[in-house]
Amino acid sequence: MFKQLFSALASSKGINESFDHFEEMLGHAHWMFGQAVSVLTHQAPAEQVIDALYERDIRINKLERQIRRELVRHLTVYPGKDVGACLTLMSIAKDAERIGDYCKNVFEIGRFYKEPWGSSDFSDPLAKIQADVEDVFKRTIDAFHASDEDAARGLIDEIGVIKEHCGQIEHALLNESHKYRTAEAVAYSLLARHCKRVAAHLGNICTALTGKVAQLGYLPDKR
């Protein structure tokens, strides 16, 4: 579907710029996720990252508002034209903005959690989840840039697995909370939740490549 959307909007300079701005949003969010994980795993001090990370988040927010203005302007000048495409882009721009917020949340866990990272039963599973999110993040950006519907479908399936694994960690921490220190349980459960939400929003973006406007953001949940 997305190839058709892009083709339909190709004649509009303003809308083409909106696509470029959206890709820029994803690039900033991808950088933020990598930096947040580096702080969380004590590979980089929070003080070294915080200013640049929050500046990127501000840039993401400005780009989202800019996209919204560009799309409203387009619909005002051309009423009834490309409505579905504009709604699609506006929707996934909000997803990208929310990813930036969750990346800040991951950073804040690392900023305030001072205990050694890697000593918990959940360290290895969460490290795998972080690596998987990083991988699908990069491939989502590539799929969007190439309008690759087949890649997006595969990513949606992988994201479903990531979400399932995050849920399993959350449930284990809740059901066996007596085994873990409070700070440890809070930090690891929050990380699982935030990674799950980042993955879910990436999945929403992938649905734009494969579905209709009414299907945006509806990912199949594994039970």
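These notes cover the salt bridges and cysteines of a predicted model.

1. Overall count. Across the whole structure, the search returns 16 salt bridges and zero disulfides.

2. Cysteines. Cys86 has 0% relative accessibility and is therefore classed as buried. Cys206 is likewise buried, its relative accessible area being 0%.

3. Asp101 and Lys104. These two side chains form a salt bridge in which the closest N and O atoms lie 3.8 Å apart; the cut-off is 4 Å. Both residues sit in helix H4 (residues 83–112), and because they are three residues apart, about one helical turn separates them. Asp101 and Lys104 are both buried.

4. A network. The Asp101 and Lys104 pair belongs to a network of salt bridges that also takes in Asp57 and Arg98.

5. Arg153 and Asp150. Here the closest N and O atoms of the salt bridge are 3.2 Å apart. The two residues are three positions apart in helix H6 (residues 149–175), so the separation is about one helical turn. Arg153 is partly exposed, at 39% relative accessible area, whereas Asp150 is exposed, at 60%.

6. Glu170 and Arg193. A salt bridge joins these side chains, with an N to O distance of 2.8 Å. The pair connects distant parts of the chain, since Glu170 lies in helix H6 and Arg193 in helix H7 (residues 182–210), 23 residues apart. Glu170 counts as buried because its relative accessibility is 10%; Arg193, at 35%, counts as partly exposed.

Notes. Residues are numbered from 1 along each chain as its sequence is written. This is a predicted model: local features need pLDDT of at least 70, side-chain atom pairs count only at pLDDT 80 or more; totals for chains, interfaces and linings use all residues. Side-chain values use heavy atoms; hydrogens and water are left out. A disulfide is a pair of cysteine sulfur atoms within 2.5 Å. Buried means under 20% relative accessible area, exposed over 50%, partly exposed in between (1.4 Å probe, protein chains only). Helices (H or I, at least four residues) and strands (E, at least two) are DSSP runs, numbered from the N terminus.
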